[in-house]
Amino acid sequence: MTDSRSVRAVLFTSLLLFAPLFGTACLDQESVYGDDRPAGEPPVASGGMLGYVDQVAGQTVCGNCHAQPQAQWSGTKHAGAWESLQESGHAQEFCEGCHSVSELGNAATEPSGYTSTGDSRYLDVQCESCHGAGAEHAADPQAIQPTPSISVFAADGTTYQNCAECHNGTHHPFVEQWSLSGHSQVIGFAAERAECAGCHRGQATLLEWGVRSDYVERDSEEPLPVVCSVCHSAHDATFAGQLRFPVETTSIGLHLCARCHNRRPIPDPNSSHGLAPHSPESELIKGEAGWFPPGSGIAPGAIITSHGSDANPTLCARCHVEPFTVTNPETGDFEFQAVGHTFQAIPCLDENGIPSGATDCGTELADRSWSGCAGECHGSAEQAQGLLTFKVNQVEPLTEELIALLEIVDPNLDEEGGEIDPTDPSFTVAEGAFFNYNLATHGGDVKGSAIHNPRLIPALLEASIEAVEDEYEVALP
């Protein structure tokens, strides 16, 4: 059977050829609704929602003028939202508002579109689901602009809005899990600094990624966190999940996550923070992160594991965005569908087995979910947990030995003065070794580094220990 979304995509690709005509003619025609109503007069009790002008072809009223966005939208899952609900086998009335044009996802506060009329012209998640009612805009396009908002929460900081109004709940808790992640947090000083804003201020990230679309918060002085629309595009299904850049690639230059998680993978003697890594994960997984002691025989990019190879075709996403289902241990009934949006590779679990957002739980089997590591990669949860324990037990003693040596060389460590001085642009062996220590303990312990590149980190630590001993002629008692 031909996918109706594919048919719509072909129809609207053809429609693009006539976009210039629509840009002027649609404003002058007597009706934009496919019947005899004049422009600006939508169906009664619809809340000003316009919906489809041709439901079979999937042509929205908005698409009469905005042909290119419509053509892009027609290839997304939103364009087939109603059909997917009906085919799911568990369609219920309370689901319908999120699979049609309604008051959900936009600024409307009263039942609108499908939920107020039951009219089939409002089936699927159309333009107005995010932009809001289009009747006034159709009547006076220059004066009224239905600009969407991309903020996850309303002004009260707790009420869901926009994407979050639908993408929540036990079956698809995207916003709940996102709220537990670092992506939901705004680090004030970083968001205000021009050199940091590209990853720490949602508006600046979109700008850096070439997104010029208008939205309510675009020019706001209040920084957005990494909200849904930073990573996902409402109009473009080029990449899986409607992501703005692919995750199905092993190229650091192309990968979505690597656009921010690659900021300081090697020492920077010209920065006061240069002896501590900052978001080094993508370069670490590829064996490029760290200080490589001269004569150590270790070269950048030479030591990678399957985590950073073609055997792991989605790199970060394979472990950090891993869904799993939580069931009642006694009845086997469904309890919760984790969707991987805490972005933790081995997320801490609460007493019900649901990701809690905590980062300081233990590493016993029951403490965390191991689904991102087990299965096709490391067999069972027991094997994955055993491998992590083995690597932690290998790396921790090396970090303790290295820092003990560095404290002999420079008891003040990275305070001003001595061999380890981030304010001095000259670079020493002790500073390189100190960077490797910080790389190994990045995130507060060694689990992260031990997982991202379990071969490179021990090799760098051993080489750093040897370099410090040789350079400064020191040894532990």
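This passage looks at three loop residues, R201, N162 and L413, in a predicted model. Residues are numbered from 1 along each chain as its sequence is written, and side-chain values use heavy atoms, with hydrogens and water left out. Because the model is predicted, local features need pLDDT of at least 70 and side-chain atom pairs count only at pLDDT 80 or more, while totals for chains, interfaces and linings use all residues.

R201 sits in the loop between α10 (194-200) and α11 (202-208); helices here are DSSP runs of H or I with at least four residues, numbered from the N terminus. With a relative accessible area of 13%, R201 is buried, a term that stands for under 20% relative accessible area (1.4 Å probe, protein chains only). Not counting residues up to four places away in sequence, R201 touches A191, E192, S220, E221, E222, P223 and L224, where contact means heavy atoms within 4.5 Å. With E221, a polar atom of the R201 side chain lies 3.1 Å from the backbone oxygen.

N162, found in the loop between α7 (135-139) and α8 (174-179), has a positive phi of about 55 degrees although it is not a glycine. A relative accessible area of 8% makes N162 buried.

L413 belongs to the loop between α15 (381-409) and α16 (429-440). Its phi is positive, at about 50 degrees, although L413 is not a glycine. L413 is buried, its relative accessible area being 16%.

Terms used: Helix = DSSP H or I, 4+ residues; strand = E, 2+ residues; numbered from the N terminus. Buried < 20%, exposed > 50% of the residue type's maximum accessible area, 1.4 Å probe, protein only. Polar contact = N/O pair within 3.5 Å; in protein donor to acceptor, adjacent residues only side chain to side chain.
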